[in-house]
Amino acid sequence: MSGGLFITFEGGEGVGKSTQVRRLATRLEATGREVVVTREPGGSPGAEAIRNLVLNGSADRWSPVTETLLMYASRRDHIERTLQPALQRGAVVICDRYADSTRAYQGAAGGTDPGLISALEHFILEDVRPALTLVFDLDPELGLARALGRPDAEARFESKGLDFHRRLRAGFLAIASAEPDRCRIVDASGDPDAVEARVLAAAGPVLGLGADLGGVGT
Ligand code: TYD
């Protein structure tokens with residue numbers, strides 16, 4: 001994968017990841033590094049076209065297996081067009097959702113066979129795997145209330161009901177406990193400054209950033 005650093009942000013609906021992605025990117029840019037902020041599904045023109053297909057429409061528009069394949073089609077394009085080139089240039093890449101979202105949404109919550117997901121990870125991701133993953137954790141009732149209040153909501157997954165979102169949370173926590181070297185759980189409750197302090201405590205050592213809050217944006 002080369003000299004770059006690949007970081008992913010994961011979690012359920014309304015956990016506040018996007019705000020924290022922007023804040024961490026600003027801090028890293030201030031250190032003079034090239035920072036690429038991207039997201040999934042999406043992050044390249046072809047992957048954004050697939051995003052429109054998969055995130056809009058009724059909750060049962062796609063089965064979990066079809067969703068898995070669409071997510072992986074979009075992910076492969078994103079890898080080829082955006083992630084690999086950025087990592088080869090030596091950039092720090094921060095991606096809002098990645099392969100763990102497929103494990104949690106389509107796998108743990110949706111019921112897709114984990115063997116299919118592992119096979120896709122093996123053949124499609126190759127070595128484009130995050131060095132660090134922050135798993136934002138929040139009570140799904142709070143997260144859904146936050147997410148549904150957003151004006152721009154692409155609501156297919158948000159409309160799947162509380163049981164789905166409880167399985168989702170358990171799925172993310174299981175990933176984090178199975179891979180403790182890669183994953184850090186971040187308590188996403190409270191205001192954005194409090195969450196940012198937790199992000200810096202979790203990611204700062206890996207990124208060479210101090211965990212104090214005296215830097216950019218404060
Ligand atoms: P987005 O509006 O970006 O949600 P959020 O702000 O919560 O990240 O929409 C992304 C949606 O796509 C979100 O509901 C999770 C879902 N998703 C999957 O189901 N599987 C995946 O592999 C990925 C990357 C996302």
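Trainee: How many residues of strand 1 are buried?
Mentor: Seven of the seven residues in strand 1 (residues 5-11) are buried, so the strand is mostly covered. Buried means under 20% relative accessible area, exposed means over 50%, and partly exposed is in between, with a 1.4 Å probe and protein chains only. Strands are DSSP runs of E, at least two residues long, and helices are runs of H or I, at least four long, numbered from the N terminus.
Mentor: Keep in mind that this is a predicted model, where local features need pLDDT of at least 70, side-chain atom pairs count only at pLDDT 80 or more, and totals for chains, interfaces and linings use all residues. Residues are numbered from 1 along each chain as its sequence is written, and side-chain values use heavy atoms, with hydrogens and water left out.

Trainee: Which residues of strand 1 point which way?
Mentor: Leu5, Ile7, Phe9 and Gly11 point one way. Phe6, Thr8 and Glu10 point the other way. Both sets are buried.

Trainee: New topic. Is valine 37 buried, partly exposed or exposed?
Mentor: Valine 37 is partly exposed, because its relative accessibility is 44%. Valine 37 sits in strand 2 (residues 35-39).

Trainee: What does valine 37 touch?
Mentor: Val21, Ala25 and Ile94, leaving out residues up to four places away in sequence. Contact means heavy atoms within 4.5 Å.

Trainee: And how far is valine 37 from glycine 57?
Mentor: They are 20 residues apart in sequence, and 27 Å apart in space, C-alpha to C-alpha.

Trainee: What about aspartate 77, buried or exposed?
Mentor: Aspartate 77 counts as buried because its relative accessible area is 15%. Aspartate 77 lies in helix 3 (residues 64-89). Neighbours within four places aside, aspartate 77 is in contact with Ser44, Gly46, Ala47 and Thr82.

Trainee: Now the holes. What volume does the largest pocket have?
Mentor: About 760 Å³. Its lining has 30 residues, with Glu13, Lys17, Ser18, Arg97 and Arg150 nearest the centre. Helix 4 gives the most to that lining, four residues.

Trainee: How do you define a pocket?
Mentor: On a 1 Å grid over the protein atoms alone, a pocket is an open set of points with protein on both sides within 12 Å along at least five of seven lines. A cavity is a set where a 1.4 Å probe fits but cannot get out. Lining residues have an atom within 4 Å of a point. Points are joined across faces, edges and corners, and a volume is the space filled by probe spheres set on them.

Trainee: How many cavities are there of 30 Å³ or more?
Mentor: One. The largest cavity holds about 110 Å³ of space. Its lining has 13 residues, and Gly12, Glu13, Leu138, Pro140 and His165 are closest to its centre. Helix 7 gives the most to this lining, with four residues.
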